[in-house]
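Thanks for asking me to look this one over.

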Amino acid sequence: MAAGSEGGTVEQAKEACLRLLAVRARSRAELAQRLAAKGYAPEVSERALDRLGEVGLIDDAAFAEQWVHSRHTFSGKGKQALAQELRRKGVARSEAAAALDAITTDDEEARAAELVRRKLRSLPRELDRDKMIRRLVGMLARRGYRQSMAYRVVKAELADRGIEGDLDEDID
């Protein structure tokens with residue numbers, strides 16, 4: 001396509017993608033959306049994205065793997081939230097599933113327990129056990145942990161601190 005045509009050339013589209021990729025990894029769908037927003041014709045965008053894919057600069061499977069690892073490790077996101085994020089970023093279910101499978105139930109429970117321990121430090125000492133459970137389970141649910149896992153992890157962490165049953169003891 002000529003430089004004067006709608007949106008620009010394949011080379012210009014590739015350059016725009018490279019600038020975006022320099023900031024952070026992105027899915028093919030994210031790049032396609034950004035190119036469309038900049039006014040590139042769909043054919044130009046496809047050719048640019050295909051070329052970047054051929055040279056390995058766009059790889060949704062690798063993107064999903066990196067995204068899942070980063071968001072689980074550093075943001076404490078659970079599998080449900082991560083699956084939703086990948087869907088929003090246009091990653092295919094099969095590629096998302098492969099990346100999510102890297103997080104085992106044990107990994108997810110360990111990360112949830114870490115988050116609960118951290119949150120327990122900031123909860124008021126006089127807070128009643130039921131409110132404490134609701135707050136902690138809610139915090140995990142908002143981060144994408146299944147409710148059953150969240151409840152199990154919270155109960156285990158409270159039991160480790162001697163906050164069980166109907167005990168009205170303070171957190172130590």
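1. Which residues of the largest nonpolar core touch the most other members? Please keep in mind that this is a predicted model. The core has 20 residues, and those with the most contacts to other members are Val 116, Leu 120, Met 132, Leu 136, Leu 140, Val 154 and Leu 158. At least two residues of this core come from each of helix 7 (105-122), helix 8 (129-142) and helix 9 (147-160). Helix 8 is the biggest contributor, giving 6 residues.

2. Leaving aside residues up to four places away in sequence, Leu 158 touches Leu 120, Met 132, Ile 133, Leu 136 and Ile 163. Apart from this core lies another one, of 15 residues, which includes Ala 16, Cys 17, Ala 48 and Leu 49. As general background, nonpolar side chains in soluble globular proteins tend to be buried together.

3. Now for the overall fold. The protein has 9 helices and 0 strands, so the pattern along the sequence reads α-α-α-α-α-α-α-α-α by the DSSP runs used here. Its radius of gyration is 22 Å, whereas a compact globule of 172 residues would have one near 16 Å. Along the principal axes, the C-alpha atoms fill a box of roughly 75 × 25 × 20 Å.

4. How much of the protein is buried? Of its 172 residues, 40% count as buried. The accessible surface comes to about 9800 Å², with 48% of that belonging to carbon and sulfur atoms. As for contacts between residues at least 6 apart in sequence, 65% of them join residues at least 24 apart.

5. The structure holds 12 salt bridges, and a few deserve a look. In helix 1 (residues 10-23), the side chains of Lys 14 and Glu 11 meet at 2.7 Å, N to O. These two residues are 3 apart, about one turn of that helix. In general, an α-helix has 3.6 residues a turn, so residues three or four places apart point the same way. Lys 14 counts as buried because its relative accessibility is 15%, under the 20% cut-off. Glu 11, by contrast, is partly exposed at 46%.

6. Another salt bridge joins Glu 85 and Arg 71, whose closest N and O atoms are 2.8 Å apart. This pair links distant parts of the chain, with Glu 85 in helix 5 (residues 79-88) and Arg 71 in helix 4 (residues 60-75), 14 residues apart. Why does Glu 85 count as buried? Its relative accessibility is 8%, and buried means under 20%. Arg 71 is partly exposed, with a relative accessible area of 22%.

7. Staying with helix 5, its buried residues are Ala 81, Leu 82, Ala 83, Glu 85 and Leu 86. They pack against helix 4 and helix 6 (93-100). After helix 5 comes Gly 90, which has a positive phi, near 80 degrees.

8. Arg 117 and Glu 157 form a further salt bridge, with their closest N and O atoms 3.1 Å apart. Here too distant parts of the chain are linked: Arg 117 lies in helix 7 and Glu 157 in helix 9, 40 residues apart. Separately, Arg 24, Glu 30 and Lys 89 are linked in a network of salt bridges.

9. Which residues make the nonpolar patch of about 240 Å²? Leu 18, Val 55 and Leu 57 make it. Leu 18 is found in helix 1. At 34% relative accessibility, Leu 18 counts as partly exposed, since that class lies between 20% and 50%.

Methods
Residues numbered from 1 in each chain as written. Predicted model: local features only at pLDDT ≥ 70, side-chain atom pairs only at ≥ 80, totals over all residues. Heavy atoms only, no water. Patch = residues over 30% accessible without salt bridge, like charges linked within 9 Å, V, L, I, M, F, W, Y side chains within 5 Å. Areas by Shrake-Rupley, 256 points an atom, 1.4 Å probe, with all protein chains shown as cover. Salt bridge = Lys/Arg side-chain N within 4 Å of Asp/Glu carboxyl O. Helix = DSSP H or I, 4+ residues; strand = E, 2+ residues; numbered from the N terminus. Buried < 20%, exposed > 50% of the residue type's maximum accessible area, 1.4 Å probe, protein only. Core = buried A, V, L, I, M, F, W, Y, C linked by side-chain atoms within 4.5 Å. Contact = heavy atoms within 4.5 Å. Rg over C-alpha atoms; globule rule 2.2 N^0.38 Å.
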